[in-house]
Amino acid sequence: MYYPVSALLIEFLILSVVESQDSYGYEISQTVKIVADIKESTLYPILKKLEKNGYLTTYSQEFQGRKRKYYSITDSGKEQLVYLNKEWISYRDTIDGIIEGRIRN
């Protein structure tokens, strides 16, 4: 079962994947697909946006005779990842609080 996932959450997931090691688009998409029903046509514009905003850089590397475009996180991307992680923890804690009955309006 998939819950709807926002573009911002996908950015957070992408930055998290790339932080651990440089990755190429298909590899990133397969990891994100574990929790989100996302198509490559949705993923690549988000990757391009992250690159344009200075959170990712790219480089090409040959693999089995073909060039692959790899994504690497920048220092700005690491700062954004810290920010998004704090936002995620707050969001998750709020949802948990509502589900567990600790938070009511």
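Student: Which residue's side chain meets aspartate 93 in a salt bridge?
Tutor: That's arginine 92, at 3.4 Å from N to O. A salt bridge here is a side-chain nitrogen of Lys or Arg within 4 Å of a carboxyl oxygen of Asp or Glu. Keep in mind that this is a predicted model, where local features need pLDDT of at least 70, side-chain atom pairs count only at pLDDT 80 or more, and totals for chains, interfaces and linings use all residues. Residues are numbered from 1 along each chain as its sequence is written, and side-chain values use heavy atoms, with hydrogens and water left out.

Student: OK, and how accessible is aspartate 93?
Tutor: Aspartate 93 is partly exposed, at 35% relative accessibility. Arginine 92 is partly exposed too, with 36%. The cut-offs are under 20% relative accessible area for buried and over 50% for exposed, with partly exposed in between (1.4 Å probe, protein chains only).

Student: How many salt bridges turn up in the whole structure?
Tutor: The search finds 4. One of them joins the side chains of lysine 33 and glutamate 40, again at 3.4 Å from N to O. Lysine 33 is partly exposed at 26%, and glutamate 40 comes out partly exposed at 27%.

Student: What about arginine 102, which residue does it pair with?
Tutor: Glutamate 100, and the closest N and O atoms in that salt bridge are 2.8 Å apart.

Student: Are arginine 102 and glutamate 100 buried or exposed?
Tutor: Both are exposed.

Student: Switching topic: how do strands E2 and E3 run?
Tutor: Antiparallel, with 8 bridges joining E2 (residues 56-63) to E3 (residues 66-73). Two strands pair if DSSP finds at least two bridges between them. The elements are DSSP runs numbered from the N terminus: helices are H or I with at least four residues, strands are E with at least two.

Student: What stands opposite threonine 57?
Tutor: Serine 72, over in E3.

Student: Last one: which residues form the nonpolar surface patch?
Tutor: Trp88, Ile89, Tyr91, Ile95 and Ile99, with about 480 Å² of accessible area together. Tyrosine 91 is in helix H4, residues 75-99. Patch members have over 30% relative accessible area and no salt bridge; like charges are joined within 9 Å, nonpolar side chains (Val, Leu, Ile, Met, Phe, Trp, Tyr) within 5 Å. Accessible areas are Shrake-Rupley values with a 1.4 Å probe, and for residues only the protein chains shown count as cover.
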